[in-house]
Structure formats: C-alpha cells, structure tokens
Amino acid sequence: MNFKFFNTCEEFLAYYFEQGLTTCFELVMEQFEKDPCYLDDEWIKWCVAEYETEDGVVPMAVIGFRKEDSFNSDHISSFEVNANYRSLGFGTQILTEFIKDYCSSPYITLYAEDKNQGFYTKLGFEKDTDVSPYFYFKENDWSSN
C-alpha cells in the first residue's frame, strides 16, 4: 500500500479527474458540494491510498485529514473506499495503516454516519454523542506520546 499525499486540494482534484475517479469515489464530490471547507488547504489535506496490482496502480481509498492541535488529535475528515473494492477488508487495512504511519497525536477523531458505525467501532472508535450524534474518537495506540 502506498499513500500519495497532495500539497493542495487543486492538485488532489486534478489527480481525481485525470484518473477518472468520479465513479468509484462519489462521497468526495458530495462533500465538496455541501461544504466549501473541504476545498480549504488550510483546513484539510488529501491523500489517496494506492495498491499495486498486476494491471497497474489502483486508487483504493481517499482520505481527508487534519491536525487538531487544540484537541490534541488527528481528525479524519473524509474516508472513502473505492466502490469496486468495498466489503473486502481493504478499508480496515488502509485506515489502520494510515493511522499507524501518519497520525502522531494521542487521539484520532472523525464524524461518521450511523450506517458506518460498525466499521469504526470494529477499529476501536467510540461514539461520543455528547459532542455530536456522529462524533467518534479513539486513543492512538501508535502515538509517540
């Protein structure tokens, strides 16, 4: 698994359209349409988890993330697995590896819809409805702190 990081949202979107990812990553475009903060380079960074196959490199997941220094956490603001590879265990592998290798804060946070609750709780995230009905957090087992 390789994580391809983008310096700007514009760079990420150029990759997104050049690779023809509109059919396998629909959530990303929905987020951009709903909230312009997903386009803000100061607020969110983007990466794509790529997997090398015999036929070439396959973009397996899109991850939006940011550091929340005031909350001592790394925040996953967007996570979407390629529609062609869902329910095969890739999401678990990708998010676990991403957190292990790229999240250094003591906590990881995210917002998720109820339909994804089982996926995130399986990874050790706990729902905290005192913050929001969609807020999840977990201690970062691999944090250097």
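**Entry 1. Helices α1 and α2**

At what angle do helix α1 and helix α2 pack, and how far apart are their axes? I looked up helix α1 (residues 9-18) and helix α2 (residues 26-34) and found an angle of about 140°, with the axes 12 Å apart. I note that this is a predicted model, in which local features need pLDDT of at least 70, side-chain atom pairs count only at pLDDT 80 or more, and totals for chains, interfaces and linings use all residues. Residues are numbered from 1 along each chain as its sequence is written, and side-chain values use heavy atoms, with hydrogens and water left out.

For the terms, helices (H or I, at least four residues) and strands (E, at least two) are DSSP runs numbered from the N terminus. Axes are lines fitted to C-alpha atoms, for helices over the stretch in contact, and angles run from 0 to 180 degrees between N-to-C directions.

I recorded α1 and α2 as oblique to each other; angles under 35 degrees count as roughly parallel, over 145 as roughly antiparallel, 65 to 115 as roughly perpendicular and the rest as oblique. The crossing of α1 and α2 is left-handed, a term used if the near helix is turned anticlockwise from the far one by less than a right angle, with right-handed used if clockwise.

I then listed the residues that make the contact (heavy atoms within 4.5 Å). From α1 they are C9, F12, L13, Y16 and F17, and from α2 they are V28, M29 and F32. By class, the contact of α1 with α2 has eight nonpolar residues, no polar and no charged ones. In this scheme Ala, Val, Leu, Ile, Met, Phe, Trp, Tyr, Cys and Pro count as nonpolar, Asp, Glu, Lys and Arg as charged, and the others, Gly among them, as polar.

D74 counts as buried because its relative accessibility is 4%; buried means under 20% relative accessible area, exposed over 50%, and partly exposed in between (1.4 Å probe, protein chains only).

What does the side chain of D74 reach at 2.8 Å? I found the backbone nitrogen of S104 at that distance. Leaving aside neighbours within four places in sequence, I found D74 in contact with R66, K67, C103, S104, S105, Y107, I108 and T109.

S77 is also found in strand β4, and at 9% relative accessibility S77 counts as buried. A polar atom of the S77 side chain lies 3.5 Å from the backbone nitrogen of F65. With neighbours within four places in sequence set aside, S77 is in contact with Q31, Y38, W43, I44, G64, F65 and R66. I also noted that the C-alpha atoms of S77 and L110 are separated by 6.0 Å, although these residues are 33 apart along the chain.

S78 lies in strand β4. Is S78 buried or exposed? I recorded S78 as buried, at 3% relative accessibility. The side chains of S78 and Q31 are joined by a polar contact of 2.6 Å. A polar contact is a pair of N or O atoms within 3.5 Å; within protein, one must be able to donate a hydrogen and the other to accept it, and residues adjacent in sequence count only if both atoms are side-chain atoms. Not counting residues up to four places away in sequence, S78 touches Q31, Y38, W46, V62, I63 and G64.

**Entry 2. Loop residues**

I examined S87, whose place is in the loop between β4 and α3 (90-102). S87 has a positive phi of about 65° although it is not a glycine. S87 is exposed, with a relative accessible area of 79%. L88 is found in the loop between β4 and α3, and L88 counts as exposed at 57% relative accessibility.

I placed L123 in the loop between α4 (117-122) and β6 (126-127). L123 is buried, with a relative accessible area of 15%. Which residues does L123 contact, leaving aside neighbours within four places in sequence? I found T92, L95, T96 and K138. L123 and T96 are 27 residues apart in sequence and 7.7 Å apart in space, C-alpha to C-alpha.

Finally, I located D41 in the loop between α2 and β2 (45-53). D41 counts as partly exposed, at 26% relative accessibility. Leaving aside neighbours within four places in sequence, D41 is in contact with T8 and C9.
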